[in-house]
Amino acid sequence: MTPGGDPGQGVGDVEVALHEDAEDLARTTAARLISAVADVLGSRPAPAPVHVVLTGGRVGGRTLEAVAAAVGTEEDDPADVAEDPTAALDWSRVHLWFGDERLVEASSDERNDAQARAALGRAPLLAAVHWHPMPSADDGLAPVDAAARYAAELAEHAEDLGDPEVDGDGRRSPGVPAFDVLMLGVGPDGHVASLFPGRPTLGTPEVAVVVEDDAPKPPALRLSLGLDAIRSAVEVWLVVAGDDKARAVARGLDDTEDVQRTPAVAARGRRATRWLVDRGAASRLAGDGG
Ligand SMILES: O=C1O[C@H](COP(=O)(O)O)[C@@H](O)[C@H](O)[C@H]1O
């Protein structure tokens, strides 16, 4: 077994969904996310929450912009927004977490939460969601204490009602919520969240929130969910665009791949793992039609 755990052990279905380009991918993923939130809201009694983990990165940002556009922004006619089916959703039951974050000033545009708030903040209906940003440099905490603080926040929601179909399967990491959907970008090097190839963070999969202090992609200092926390999600969605990601996607879908070389191979959901890719990212997969 690799230090990151056996990526193929006891996981749900793996699906690949092909999209024309990054814009189509972002728009379709946004629609998928809204529909998943609606399904979960409808499947459990109010006020039970829905837990969603957001990703940074380019396609992650475009996806959230597409979510705001679908829900209705302040530029839209309020009458149209009120008629939209998403207006009926109880967004106050939705909790938004982050898969990773850059440990820089809160005002930095390098922050994943800044990108997410800028995108989703355009939709008045989404003002009701609960944000769970990772600590920033402004909090003045040592990185290890910042990680511990986010882990404590996660633990506060670990007992929330989750999906009855998968809860109790023994594969949820203790101390993290039953994430309903966890989205990840994938780097050209195969990293997910801030779990980079060959880094010590892959050697402690059981730690809910890990510190990366020498990320090969700047900024060097970051926080990330650990592998077991990621694998606690009911569904993991890897949202990837661009032919510079094609090798990482092909490796991430190969069960024999070493997690130390391609961390993405170990990012699996308990019920499903969905690779949502555009033609460029899929261009090294057999039968992609591209
Ligand atoms: O550093 C990061 O990179 C990945 C991928 O970003 P992309 O721009 O190449 O799509 C992202 O998923 C992660 O959240 C972020 O911190």
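Visitor: Two residues are in contact if their C-beta atoms, placed from the backbone, lie within 7 Å. Of the contacts in the protein with a separation of 6 or more, what share comes from residues 24 or more positions apart?

Guide: This is a predicted model, in which local features need pLDDT of at least 70 and side-chain atom pairs count only at pLDDT 80 or more, while totals for chains, interfaces and linings use all residues. Residues are numbered from 1 along each chain as its sequence is written. Of the contacts with a separation of 6 or more, the share from residues 24 or more positions apart is 76%.

Visitor: What radius of gyration does the protein have, and why does it agree with a compact globule?

Guide: The radius is taken over C-alpha atoms, and the globule rule is 2.2 Å times the number of residues to the power 0.38. For 290 residues a compact globule would come near 19 Å, so the protein agrees with its value of 18 Å.

Visitor: What percentage of the residues is buried?

Guide: A residue is buried if 20 or more other C-beta atoms lie within 10 Å of its own, exposed if 12 or fewer, and partly exposed in between, with C-beta atoms placed from the backbone. Among the 290 residues of the protein, the buried part is 48%.

Visitor: How many helices and strands are there?

Guide: Helices (H or I, at least four residues) and strands (E, at least two) are DSSP runs, numbered from the N terminus. The count for the protein is 7 helices and 10 strands.

Visitor: In what order do the strands of the open sheet of 3 strands stand?

Guide: Two strands pair if DSSP finds at least two bridges between them. The pairing in this sheet is antiparallel, and the order is β4-β8-β7. The edge strands, each pairing on one side only, are β4 (100-102) and β7.

Visitor: Which helix lies across β7 and β8?

Guide: Axes are lines fitted to C-alpha atoms, for helices over the stretch in contact, and angles run from 0 to 180 degrees between N-to-C directions. The helix across both strands runs at about 155 degrees to β7, and is α5 (residues 143-156).

Visitor: What is the omega of the cis bond from Ala 46 to Pro 47?

Guide: Pro 47 belongs to the loop between α1 (22-43) and β2 (50-54). Its cis bond from Ala 46 has an omega near 10 degrees.

Visitor: Is Ala 193 buried or exposed?

Guide: Ala 193 lies in the loop between β6 (181-184) and β7. Its phi is near 45 degrees, a positive value in a residue other than glycine. With 33 other C-beta atoms within 10 Å, Ala 193 is buried.

Visitor: Which helix gives the largest share of the shell around the ligand?

Guide: A residue is near a molecule or strand if its C-beta atom, placed from the backbone, lies within 6 Å of it. The ligand is surrounded by 14 residues, the closest being Thr 55, Gly 56, Gly 57, Arg 58 and Gly 185. The largest share, 3 residues, comes from helix α2 (residues 58-71).
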